Amino acid sequence: MQTGHILVGILSLVCVVFLAAALGDGRSVIIIKSTSSLRGASYPDGYGVGVFTDARGNDWRDTAHPTEVLGCTKHQRRGVAVASFSVIAIVASSAAVVVSLLGASEGGKFGMVNAGLQALMFLSFLMATALGWDVVEGKFYCHTLKADLKLKDHFIYNYGVFFLLAGTIVSLVNIGLLAATGSLSAQAKEEGAGAHEPTAEAEAEAVPEKKEDPSAN
């Protein structure tokens, strides 16, 4: 049971480290192609966009961010959603590390709590991955360009989306580990045993009251 928590804690920590790297890198999601028509003074070679910001530190709602400059509101909304789900994912992953340590030190407790955090990780990583893919692969109208724009035509994938996908897979693996090592059933059994354990009041009621024998007086 402790083994399951330890393994889940290690994998959750890996998710935290990898996602933190992607969140802090302004080029983690896409990098501009050398053949892109957008390339120039505004977007030179090596320019890219990350989960939170672009290579210049502009967030998705900043007036200097390319989605704002080009008037690509649908790209922008999806980018903001990716960032939001990524924050949820890293918070859930960090909490899972703490709960895993507690579970390992407390004889396998907190299995259900850990599984709940892993489920939250899975959903948030999955949504961030799907929306990140949609931002790059989708073709949406940009008001400034007055034309549809598909980012994949001008940018190449970097590691960010793949890190998000890896987090989705790892969270599923973690749920399987908790189930396979008995961490979930252990907590359920413990809660069931606690529910059937007689309280002090119940024990007192169960003891028959002694009646005095009148003949003894």
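At what angle do the axes of helix α1 and α5 cross? I began there, after noting that this is a predicted model, in which local features need pLDDT of at least 70, side-chain atom pairs count only at pLDDT 80 or more, and totals for chains, interfaces and linings use all residues. Residues are numbered from 1 along each chain as its sequence is written, and side-chain values use heavy atoms, with hydrogens and water left out.

**Entry 1: the helix pair**

I found that the axes of α1 (residues 2–24) and α5 come within 10 Å and cross at roughly 170°. The axes are lines fitted to C-alpha atoms over the stretch in contact, with angles from 0 to 180 degrees between N-to-C directions. Helices are DSSP runs (H or I, at least four residues), numbered from the N terminus. The crossing makes α1 roughly antiparallel to α5 (over 145 degrees). Contact means heavy atoms within 4.5 Å; I listed G4, L11 and F18 among the α1 residues making it, and G160, L164 and L178 among those of α5.

**Entry 2: the cavities**

A cavity is a set of points on a 1 Å grid where a 1.4 Å probe fits but cannot get out, and lining residues have an atom within 4 Å of a point. A volume is the space filled by probe spheres set on the points.

The largest cavity holds about 90 Å³, and its lining includes I30, W60, H65 and F155.

Key. On a 1 Å grid over the protein atoms alone, a cavity is a set of points where a 1.4 Å probe fits but cannot get out, and a pocket is an open set with protein on both sides within 12 Å along at least five of seven lines; lining residues have an atom within 4 Å of a point. Helices (H or I, at least four residues) and strands (E, at least two) are DSSP runs, numbered from the N terminus. Angles under 35 degrees count as roughly parallel, over 145 as roughly antiparallel, 65 to 115 as roughly perpendicular and the rest as oblique.
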